[in-house]
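User: Please take me through this structure by question and answer. Start with the terms, then go on to the details.

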Amino acid sequence: MMHRGERSAEVVVVGAGLAGLMAARHLRSFGVDVLVLEARSRVGGRTWSILAGDGQTVIDMGGQWIGPTQKRLAKLAAELGVTTFPTYDVGQNIQYIDGERHTYSGAIPLIDPKVTMEVVQTMLTLNMMAHEVPLDAPWTAPNAAEWDAQTLETWIAANVKTQGARELLAIAIRAIFCAEPRDLSLLHVLFYTHSAGSLNDLVGVTRGAQEQRFHAGAQAISNGMAAALGERVIRNAPVYAVAQDDAGVRVMAEEVTVSAKAAIIALPPVLAGRIRYSPALPALRDQLTQRMPMGTVYKIHCIYPTPFWREAGLSGQVTNYRGVAATVFDNSPASGTPGVLLVFVEGDEARAWSTRSANERRAAVLGDLGHYFGEQAAQPTEYIEQFWAAEEYSRGCYAGYMPPGVWSAFGPALRAPVGRLFWAGTETATEWNGYMDGALQSGERAANEALALLGIRAAGPASDQVMG
Ligand SMILES: Cc1cc2nc3c(=O)[nH]c(=O)nc-3n(C[C@H](O)[C@H](O)[C@H](O)COP(=O)(O)OP(=O)(O)OC[C@H]3O[C@@H](n4cnc5c(N)ncnc54)[C@H](O)[C@@H]3O)c2cc1C
């Protein structure tokens, strides 16, 4: 194995997700000698595209959607020739409340006008509060202390009157964070909202974060970057220790050790915290990695010969206050065949169902789909379940989030370099934090920090072409 053993580079990157690969790509554009160490046998991290049993239909087990303001991702996809198509967003959506099925069109259910009014008003209020949160330093917001001392749940309890609006907001929050409103600092929810633009950007399909998908699957973007980097990406190399001194860094993975001038750790904080650092990290940074849990979600695909719900005038989109299948989308390929329903089981539901058998979960999910779309929906030809919380090299998703108090006490440690170590990963992004676009921003920013350490700055990239 030629690339095992002792290696050296100018910069070593840990993690070949979008952040790590983008960092390496950016460094290569300046001619920097770089190596990327990836724990898994594949690149892409929280994006992973497989083929369904028909050998043709692309199934995104992880991240998949791109929204209109996610410009970095769009630019990179275009460079790599990874094309997009619109998410199916035609027809009536379903809201399922306490055993009753309601249909509506538009982003917000219009079942009870009082509830709708309050949801719209609350979203406006939260959007306005969000814009008071500085993206690079949320803890400096004028009301940061007050907002970081409470959860979104306590804020909703104090500020939202109708039960329906409370439930709808909770559904949206679970869908965005894969966590419960009680888990999240209000300040974090506001930061995240601002980082995406607004709550409308976060929850929207057309004109929102769920607007388009990639024909080849989202992992194609990481695969494209990895192909350009060639043998500079070393797979099956879980990093377990990082040492640094005045002369450089040594990054130790199973069967390979890399010496370099700088390291970019492109992992979510909970995974970065599993590495042994020598000397030990500053306490604030180490304790930050103890305080940014990952969300909990099952991503489930149900495949049918056709998207039969479309003929019934349904979009395939569902929200359910209390069901297992809390959120559903039409995830059929661009051609429309086969029909694919995408189910998310989120937050507490995912936690509770993780202790049950796969068969029990499947029965519960299909039972819900039967209620939403009729008996046909309970009989898919294929059923594919992915649980990211059980993945050793992800530990949950979509992203790490901040419980109360963390931004205030530990926020400054999120991106602050530690000697020769620089931190990337979507959790460190200021725009589209938690998303693929944010991962790319973070990779580029960390690469620029490493360039500065190498004494390369100011001058633009040596070439727009990425050198292999
Ligand atoms: C189910 C799901 C749905 C999502 N939906 C969307 C969506 O629709 N749109 C969107 O924009 N985003 C979505 N996301 C989020 C998006 O996928 C992530 O924000 C993004 O992929 C994160 O990239 P990253 O490079 O920061 O981290 P990661 O992708 O987590 O990359 C970290 C890499 O480091 C590797 N690694 C871990 N530990 C080690 C170690 N010790 N040594 C070496 N390597 C290590 C991992 O294997 C991984 O490859 C979703 C995520 C999931 C899981």
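Analyst: Helices (H or I, at least four residues) and strands (E, at least two) are DSSP runs, numbered from the N terminus. The model is predicted, so local features need pLDDT of at least 70 and side-chain atom pairs count only at pLDDT 80 or more, while totals for chains, interfaces and linings use all residues. Residues are numbered from 1 along each chain as its sequence is written, and side-chain values use heavy atoms, with hydrogens and water left out.

User: In which loop does R207 lie?

Analyst: R207 is not a glycine, yet its phi is positive, about 70 degrees. Most residues other than glycine have a negative phi. R207 lies in the loop between α8 (199-203) and β10 (212-214).

User: Which residues does the domain assignment give to domain 3?

Analyst: The bounds come from an automatic or database domain assignment. Domain 1 takes 5-45 + 218-293 + 402-454, and domain 2 takes 49-68 + 84-89 + 209-215 + 295-390. Domain 3 is given residues 111-203.

User: How many residues does domain 3 bring to its contact with domain 2?

Analyst: Taken over C-alpha atoms, the centres of domain 2 and domain 3 are 26 Å apart. In their contact (heavy atoms within 4.5 Å), domain 2 takes part with 14 residues and domain 3 with 15 residues.

User: Which residues of domain 2 lose the most area to domain 3?

Analyst: Buried area is the accessible area (1.4 Å probe) that two parts lose on being put together, summed over both. Between domain 2 and domain 3 it is about 1100 Å², with 47% from carbon and sulfur atoms. On the domain 2 side, 44% of what is buried comes from three residues together, those losing the most area: Y321, E346 and D348.

User: How many salt bridges are counted between domain 2 and domain 3?

Analyst: A salt bridge needs a side-chain nitrogen of Lys or Arg within 4 Å of a carboxyl oxygen of Asp or Glu. The side chains of D183 and R351 form one, at 2.9 Å from N to O. Between domain 2 and domain 3 the count is three.

User: Which element gives the most residues to the side of domain 2 that touches domain 3?

Analyst: At least two residues of that side come from β18 (314-320), and at least two from α13 (347-353). With three residues, the element that gives the most is α13.

User: How far apart in sequence are the parts that R250 and E6 tie together?

Analyst: The whole structure has 19 salt bridges. In the one between R250 and E6, the closest N and O atoms are 3.4 Å apart. R250 lies in strand β13 (residues 249-253) and E6 in strand β1 (residues 5-8), so the parts tied together are separated in sequence by 244 residues.

User: How far is a backbone N or O atom of T426 from an oxygen atom of the ligand?

Analyst: The ligand is surrounded by 36 residues (a heavy atom within 4 Å), and T426 is among the closest. For M436, a backbone N or O atom lies 2.9 Å from a ligand oxygen. For T426, the value is 2.8 Å.

User: In which loop does P338 lie?

Analyst: Most peptide bonds are trans. The bond from T337 to P338 is cis, with omega near -5 degrees. P338 lies in the loop between β19 (327-330) and β20 (339-346).

How values were computed
A polar contact is a pair of N or O atoms within 3.5 Å; within protein, one must be able to donate a hydrogen and the other to accept it, and residues adjacent in sequence count only if both atoms are side-chain atoms.
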